[in-house]
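Colleague: Could you walk me through this model? I have a few quick questions.

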Amino acid sequence: MAYFQNLFGEGWPLIWTLLKIVALVLPILGVVAYLTLAERKVIGYIQVRIGPNRVGPRGLLQPIADAVKILLKEIIIPSGANKFLFVLAPVLAIAPALVAWAVVPFSPELVLSNIDAGLLFILAVTSMGVYGVIVAGWASNSKYAFLGAIRSSAQIVSYEIAMGFALVGVLMVSHSLNLGEIVKGQSGGGFWSWYFVPLFPLFLVYLISGVAETNRAPFDVAEGETEIVAGFHVEYSGMTFSVFYLAEYANMILVSALCSLMFLGGWLPPFNVAPFTWIPGFLWLLFKIAFLLFFFLWIRATFPRYRYDQIMRLGWKVFIPVTLVWIVVVGAWMQTPLWLW
Amino acid sequence: MIETLVFYFFSALLIASSFAVITVKNPVHAALFLVLAFFSASGLWLLLEAEFLAIVLVLVYVGAVMVLFLFVVMMLDINIARLREGLWAWLPFGALLAIVMVIEMWIVLGSERFGLAGTIAPEGHPAGYSNTKELGRLIYTHYAYPFEIAAVILLVAIVSAIALTLRRRKDTKSQVASEQLAARREERVRLVSLSSGKD
């Protein structure tokens, strides 16, 4: 380390930060690639199929084959499309999904940027993901793409409110906006001291809104292939399409990570006894993220798509009242001696 | 040094994008430039260590307000030629207004109370200082009543906006979820056994 400091002098902190960013983003992109394979495999087995099994042992090289295929495909820009915005839209979709990882802690020490307003930062950054969809829909100059974009932006803006209120509950309980502090507030008596216990309704709202925010089934009306062919990315091909695809999976991983950090105790083990405490916290966090990701795939394979008016009803008339009521309940509960967290 | 550079970068970006908002022809481009302007302003606030305001600016204006703006602008079929009609006829009037505004701002900002000399440069804060916590404490203790009044005014505005736009048309069809959920199979489907006709 000292050697590099001498070598680069003043510029070393900058280079060191860049190296850390690369060390964070590359594994995420790797996980994204293999999550696509996991999705096809899991849904395959749920539907009594085998899923991809031709490329490499048990189909393990399938993501690499897909990447090569997609890189070699032509990028078609429709006539009448706004060229600059058309190419910019996939970038706008994937950038927030990766930027938000800057404040996600993997263990008490392992975090790229330990800022105090971490939770606010994540809320602000993830709220920008909708621009990718909306700009893509408009720049494509196609009515299906535009319909998909409008559906999606209405849905994302609605569910963001419920999601924000769910986080208000976490803030009240943890007294902090710092994600590391939020996890530390959940330590103590094993899984009973995790925040999903006192905030159970908020946990459910957050999880379901997370599915809706990422435009995943059963809330995937933005794509709705049976109604509007493929929604906002119908005109996209080759790498520009796959960047949208990657953004969806990166968002899924992000929502799972945030949910495990804020409600499921992050890197804390579920029991404070011997065999559980031997496993490093980093692995516990990964295990929780993997479980939630499996949950995402599971519900995609299980539920049919929501009707559009049902989505809006669920968001505005069910989730927002539930979160509002539970915030008041938690606020009152915290003033009584019955509060144990 | 670096802070000054960052300040000038964001300021230049803010001025350029705000200028582009009013000069570009395409209204969607103008809205997107407004997003960029909000972003640059939020960067400037971060330099002032006002991280709560900076992040909330992005969260509320970029994440919600501008999305709805874009939504509306994209659906409107705006005829640019019609908008440009009468530009020269109205130009003297607009220019006069602009000059009056510049003079007003000059009088206010150039005065002793608000001038650069009269304002104290914000001090840096220690590492543990939380801007969000301080703001919350002030809003909910010292400024509790003004804050509540502002909240009530906003609520009234929301209610009246809904009341003004809510029109019940008689010919629209809508589903009543409770009726749908209350439906039973026996009411909708009748099982009939038919002979296949072969025997």
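**Loops, helices and the chain contact**

Modeller: Let me start with a loop: A:His175 is found between helix H7 (143-174) and helix H8 (179-184) of chain A, where helices are DSSP runs of H or I with at least four residues and strands are runs of E with at least two, numbered from the N terminus. This is a predicted model, in which local features need pLDDT of at least 70 and side-chain atom pairs count only at pLDDT 80 or more, while totals for chains, interfaces and linings use all residues. Residues are numbered from 1 along each chain as its sequence is written, and chains are lettered from A and ligands numbered from 1 in the order in which they are written.

Colleague: What is the phi of A:His175 near?

Modeller: Phi of A:His175 is near 60°, which is a positive value in a residue other than glycine.

Colleague: And is A:His175 buried or exposed?

Modeller: A:His175 is exposed, with 10 other C-beta atoms within 10 Å; a residue is buried if 20 or more other C-beta atoms lie within 10 Å of its own, exposed if 12 or fewer, and partly exposed in between, with C-beta atoms placed from the backbone.

Colleague: What about A:Arg58, where does that lie?

Modeller: A:Arg58 lies in the loop between helix H2 (12-46) and helix H3 (62-71) of chain A, and although A:Arg58 is not a glycine, its phi is positive at about 55°. With 14 other C-beta atoms within 10 Å, A:Arg58 is partly exposed.

Colleague: Which loop holds A:Tyr195?

Modeller: A:Tyr195 is in the loop between H8 and helix H9 (200-213) of chain A, and A:Tyr195 counts as buried, with 23 C-beta neighbours inside 10 Å.

Colleague: What does A:Tyr195 touch?

Modeller: Not counting residues up to four places away in sequence, A:Tyr195 touches A:Val170, A:Val173, A:Gln186, A:Met262 and A:Phe263, a contact being two residues whose C-beta atoms, placed from the backbone, lie within 7 Å. A:Tyr195 and A:Gly265 are 7.2 Å apart from C-alpha to C-alpha, although 70 residues apart in sequence.

Colleague: Changing topic, how many helices and strands does chain A have?

Modeller: Chain A has 13 helices and 0 strands. Buried residues make up 45% of its 341 residues, and of the contacts in chain A between residues at least 6 apart in sequence, 78% join residues at least 24 apart.

Colleague: How many residues of H10(A) are buried?

Modeller: H10(A) is mostly covered, as 21 of its 25 residues are buried. Helix H10 (residues 238-262) of chain A reaches 37 Å from its first C-alpha to its last, close to the 36 Å expected at 1.5 Å a residue, the expected span being 1.5 Å times one less than the number of residues.

Colleague: And what is A:Ala250 in contact with?

Modeller: Leaving aside neighbours within four places in sequence, A:Ala250 is in contact with A:Ile28, A:Val32, A:Ile94, A:Ala97 and A:Leu98.

Colleague: Last one, how many residues of chain B are in contact with chain A?

Modeller: There are 17 residues of chain B in contact with 17 residues of chain A, and the largest share of the chain B side, 12 residues, comes from helix H3 (residues 51-75) of chain B.
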